[in-house]
Amino acid sequence: MLLSFCSLCFSFLHHFLFSMENKYLNILSFCFSNTICGLLIVSWLARNIIYTNGLSTTLTWRRKTRKKKNQDDENKMSLLDLPDLTLDCILEKLSPSELCAMTCVCSELRDKCVSDHLWKKHMEKRWGRLMGDAAIKEWKTHVATLMACHKNSNPSSYRSNAQQWRSRLAANLKPFSWLKTNHGCHNRGSSSSSPIDSVMYWYSNLESGKFWFPAQVYNRENGHVGFMMSCYDAKVRYDNRTNTFQARYSAHGRRAAEENVTWQRLRPALVETESRDLHVSDCLQGLRPGDHFEIQWRRTKEFPYGWWFGVVGHLQNCVGEENCRCVSDENVVMEFRQFRPESPWKTTVLNRKDHRETGNEVSGFYGGVKKLGTEEEVSTWKRLWPSQVLD
């Protein structure tokens with residue numbers, strides 16, 4: 001029975017192995033002629049030959065699959081293979097957070113995504129309304145100071161590669177607070193960096209609240225009754241947690257601060273007139289009843305000026321609208337209709353030809369005047385009008 005079983009096994013193995021590896025037949029024939037040990041050797045060889053051929057077949061299949069995959073990858077088109085104009089059109093559609101995320105992909109995209117022409121439109125849309133001449137001047141001074149500090153600390157490095165040190169310095173700062181959600185790319189050093197004099201770096205400093213810039217705040221100190229319908233100079237910075245601003249005011253004897261200042265209460269500061277300087281009035285000759293204006297006012301001469309909203313009124317001896325001669329008179333009436341008629345701040349009279357700061361310690365001191373020329377300026381003031389008349 002054993003011989004019959006061995007004969008059957010040999011026939012099967014002979015047929016199977018002949019189709020796979022003919023070179024093993026002589027070995028099998030020799031082994032089979034030696035009793036039961038030969039049968040065990042045959043079984044071992046058969047298992048290893050089958051396994052070896054199976055592994056060889058698998059490796060060959062995997063090698064072919066990998067080669068085909070590599071060929072497919074080579075045939076695929078990369079984003080960087082697009083023409084520059086097409087790629088720029090795509091990048092221009094991205095939001096600031098998406099552009100920042102793209103800087104983490106590769107160095108080529110980083111260089112493209114930090115370019116000024118992509119960020120200028122985002123700067124204009126988001127911050128353009130508040131970036132007046134004073135804020136721009138402040139930022140340029142800030143950048144120049146940082147550059148000078150680095151140049152003085154390492155002049156040889158500065159002369160050899162200015163662009164390199166800018167990127168290294170910017171790499172130590174997180175450009176955007178919301179960059180934390182972009183797969184952690186802010187932890188990868190220069191991948192999220194931008195040159196310190198770039199528009200992207202400016203935008204990021206505004207968005208993260210690192211840059212305090214000059215602006216003017218309507219109805220300062222949370223609508224304090226003493227500042228209703230006024231606008232004062234301040235240094236402000238953005239708070240991205242509340243989408244509001246923090247403001248610091250300069251005043252005599254104290255420094256007032258305010259939080260949660262909304263976007264609607266801010267406007268650009270005037271660079272040509274500091275808060276303690278008298279504004280040169282060049283509109284007094286043309287003012288007529290009904291015109292809207294802003295005028296500098298301060299409680300005492302130790303305080304800075306604020307800008308107060310008013311309307312040009314009629315002189316006491318005016319006979320009426322049809323025969324009004326107020327426009328030809330040397331004096332002009334400035335009305336502040338938010339106050340009651342008996343209030344010392346209800347009206348003041350200015351000389352058109354020879355106006356300087358006028359006033360006293362009771363009613364305050366009035367400075368320069370500027371006429372409001374657009375409906376938008378007037379409507380902004382009217383939105384801030386108090387709910388009740390002031391004393």
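How many aromatic pairs does a search of the whole structure find? The search finds 21, where rings of Phe, Tyr and Trp (its six-membered ring) pair if their centres lie within 6.5 Å.

The model is predicted, so local features need pLDDT of at least 70 and side-chain atom pairs count only at pLDDT 80 or more, while totals for chains, interfaces and linings use all residues. Residues are numbered from 1 along each chain as its sequence is written, and side-chain values use heavy atoms, with hydrogens and water left out.

**View 1. The whole protein.** The protein has 13 helices and eleven strands; these are DSSP runs numbered from the N terminus, helices being H or I of at least four residues and strands E of at least two. Of its 391 residues, 39% count as buried (under 20% relative accessible area, with exposed meaning over 50% and partly exposed in between; 1.4 Å probe, protein chains only).

**View 2. Helix 11 and its surroundings.** Nine of the ten residues of helix 11 (residues 199-208) are buried, so the helix is largely enclosed by the rest of the structure. The buried residues are Val199, Met200, Tyr201, Trp202, Tyr203, Ser204, Asn205, Leu206 and Glu207. After the helix comes Gly209, with a positive phi near 80°.

**View 3. A cluster of aromatic rings.** Tyr201 and Trp202 of helix 11 belong to a cluster linked by ring pairs, together with Trp127, Trp139, Phe211, Phe213, Tyr238, Phe245 and Trp263.

**View 4. Two arginines over rings.** A charge sits over a ring if NZ of Lys or CZ of Arg is within 6 Å of the ring centre and within 35 degrees of the ring normal. Arg248 has its charged end over the ring of Trp212, 3.8 Å from the centre. Arg220 lies over the face of Tyr249, and here the distance to the ring centre is 4.2 Å.

**View 5. Strands 8 and 9.** Strand 8 (residues 331-335) and strand 9 run antiparallel and are joined by five bridges; two strands pair if DSSP finds at least two bridges between them. Val332 has Leu350 in strand 9 as its bridge partner. Leu350 is on the covered face of strand 9 (residues 347-351) with Thr348, whereas Thr347, Val349 and Asn351 form the uncovered face.

**View 6. Glu272 in a loop.** Glu272 is in the loop between strand 5 (266-268) and strand 6 (292-298). Glu272 is exposed, with a relative accessible area of 55%. From Glu272 to Ala134 the C-alpha to C-alpha distance is 8.3 Å, although the two are 138 residues apart in sequence.

Conventions. Phe/Tyr/Trp six-rings, centres within 6.5 Å; stacked < 30°, edge-to-face > 60°.
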